[in-house]
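Me: I am new to this structure. Please take me through one part of it in detail.

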Number of protein chains: 2
Amino acid sequence: MSSSKILLVDDDEDILDLLEYNLSKEGYIVKTAINGKKAIEVANDFLPDLIIMDVMMPEMDGIEACSEIRKNKLLANTIITFLTARGEDYSQIAGYDAGADDYITKPIKPKVLFSKIKGLLRRGSVEAQLVEETASMRIDREKYIVVQRDTEISLPKKEFELLALLMSKPDNVFTREKIFASVWGDDIVVGDRTIDVHIRKLREKIGDDYIKTVKGVGYKFVDIED
Amino acid sequence: MSSSKILLVDDDEDILDLLEYNLSKEGYIVKTAINGKKAIEVANDFLPDLIIMDVMMPEMDGIEACSEIRKNKLLANTIITFLTARGEDYSQIAGYDAGADDYITKPIKPKVLFSKIKGLLRRGSVEAQLVEETASMRIDREKYIVVQRDTEISLPKKEFELLALLMSKPDNVFTREKIFASVWGDDIVVGDRTIDVHIRKLREKIGDDYIKTVKGVGYKFVDIED
DNA sequence: TTTAATATTAACTCAATGTTAACCCACTAT
DNA sequence: ATAGTGGGTTAACATTGAGTTAATATTAAA
């Protein structure tokens, strides 16, 4: 992937400058907006991969802006993350309703922020989806469980992420490279058999037929409707 | 890769000259067109890797031209980028529908443009056609299947690539050399019968009549419409 | 008719994937 | 500290089937 585009939205210019400076230095393409209204304009133009937005802002608050942004189909894959003070439970809920993908709490610790950003961009919006569903299987990211015909199956993290990725586009083949990039991350290197073993464990738990091997290409999730 | 070919389309000759001069200096092969109609002519001939096109033009606007260009399968891998003034939301949406890959906003900052061009060309067109389609057959690269009158056929890698190649230009004869170069790669050497066997297996699976032998020349895909 | 080009079949090879168990490490409870 | 637990990874070996080849038959062009 070329360098990712990030849009920062906050009414505090100092915070904007600070974050912009640091994120640019990290190699991201950064734009800023001072309020929700501006954010929408910039977002439509800039088509960022990630939007980090303060919840509380003058003119138009983050939640409203988020709803607006979600209306633009070109921004369907954009990840929206809210900045929020600790303990603002209510706004968090409303934020999720409006289509937010994650939260970062103030005060911001740069290290935390950067690792979070990396994580978000890596998994790349695709499986940012909180609930993935096919005819006979549902995967719930919030609860971290898989429900298969009323049977709840709990999976360890990697298996969960792997299944979530495959389910994000049923019938689509995911190459090993893509799986590695998405579930493990581009930087970290693991042996070639690792992925097979995870596939094996998944098949053991949800049944062999759900995951199909396309030799020389990759793996795909296929739904079984009985 | 040899030096990339870029087609610039804008109704403002000054901009064309400026960009052409600078891009040529960077080592790109550049051609220009003054409107959408000319752009299509040049594109069909020149087969550029990248087209940078103003949205607003006399004669035929960028979006219409883009749609036309997308119809030429030889230009399937060509990246089309629009030049647009800030905040033209509507045109952006329409542009993506028409098959645009990216946007560059005016006013143009040369540095931004160059880095963007580099990025686009690097990620490079590699994103081959995902779906190839004729009247009675559709080949889906994402799912790695062939659909023939509602019947799904899954093929192993080489057979799939071979069929995809032949289908990319129905009725066109592909020489053995071209097939080897495209499906196997220029370096790797395999015996001469290998290709026949793959053709055989394909015919077995999709029916004999779809692939015709032109003795002494090569093979071609012909559609069957019943 | 002659012959080079292609078709066909089956056997073979090897790379890709499957499988199993052991190992490492972080985390937890004792 | 110590032992226990479980996720994640690795290593060694087994299996599979895609891809190739070889041997023989058939075809179509000159």
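Which residue of β12(A) does Val173(A) stand opposite?

Reply: Val173(A) stands opposite Lys220(A) in β12(A). This is a predicted model, where local features need pLDDT of at least 70, side-chain atom pairs count only at pLDDT 80 or more, and totals for chains, interfaces and linings use all residues. Residues are numbered from 1 along each chain as its sequence is written, chains are lettered from A and ligands numbered from 1 in the order in which they are written, and side-chain values use heavy atoms, without hydrogens and water.

Now the sheet. Strands here are DSSP runs (E, at least two residues), and helices are H or I runs of at least four, both numbered from the N terminus. Two strands pair if DSSP finds at least two bridges between them. Three strands of chain A form an open, antiparallel sheet in the order β10-β12-β11. Its edge strands are β10 (173-175) and β11 (211-214), each pairing on one side only. The twist averages 30° from one strand to the next; such angles run from 0 to 180 degrees between N-to-C directions, with axes fitted to C-alpha atoms, for helices over the stretch in contact.

Three bridges join β10(A) to β12(A), residues 218-221. Two helices pack on the sheet. Contact means heavy atoms within 4.5 Å. Helix α7(A), residues 176-184, touches β10 and β12 of chain A, and its direction makes about 75° with that of β10(A). Helix α8(A), residues 193-206, touches β11 and β12 of chain A, at about 145° to β11(A).
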